Amino acid sequence: MSANDSYTRPAIALHWLMALMIIGGFAVGLYMTGLRLSPDKLKLYSWHKWSGITVLALALIRIGWRLGHPVPAPLPGQPMWQLRAAHYTHLALYGLILAIPLSGWLYSSASGYPVVYLGIKALRLPDLVAKDKELATVLKQIHELLNWTMAALVTVHAAAALKHHLIDRDGTLRRMLPVLPSR
């Protein structure tokens, strides 16, 4: 595989960092919502919000990087339907990577709990909407729906990557995970 066939190191680093943060944020989100109100629950909500805002910032950096550094061409021999499915899945993932943190921020604003990034008062983010209990209920449902949609798409994305590596035995996964041995 030549250097032109691989993603750049910044693209790889952003991909895996964001993947870890998204999976971690999703897991914390699932766990914290089942807890009774306590200082620990409030701390987890803060961490969840910080993670989401960090993912949003990294997504903007990643999109900027990608605009200046096109992705490598698909490996030869892949059916057109798979290329289209991968393209639309990536577009949906990028959309969700932006929409989920924004929906969480909107939900937090409507709930009356501002986002104070990293607990630093100088980094209090502006409320995107006024406090509104009914709107908060709707935004919470939207945030959850978007997260479950992301979980489904990430599962499909990971399954496709494993299919390429284990069944097709091509270099698709190795382009984003260069530590894998050549097959």
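Let me begin with the second largest pocket, which holds about 1100 Å³ of space. This is a predicted model, in which local features need pLDDT of at least 70 and side-chain atom pairs count only at pLDDT 80 or more, while totals for chains, interfaces and linings use all residues. Residues are numbered from 1 along each chain as its sequence is written, and side-chain values use heavy atoms, with hydrogens and water left out.

A pocket here is an open set of points on a 1 Å grid over the protein atoms alone, where a 1.4 Å probe fits and protein lies on both sides within 12 Å along at least five of seven lines; lining residues have an atom within 4 Å of a point. The volume is the space filled by probe spheres set on the points, which are joined across faces, edges and corners.

Of the 42 residues lining this second largest pocket, Met 32, Tyr 45, His 48, Tyr 107 and His 143 are the closest to its centre. The helix α2 gives the most to that lining, with 11 residues, where helices are DSSP runs (H or I, at least four residues) numbered from the N terminus.

Turning to the largest pocket, its volume is about 1500 Å³, and among its 48 lining residues the closest to the centre are Tyr 7, His 15, Ala 86, His 90 and His 157. Which element gives the most to the lining of the largest pocket? That is α3, with 12 residues.

Terms used:
Helix = DSSP H or I, 4+ residues; strand = E, 2+ residues; numbered from the N terminus.
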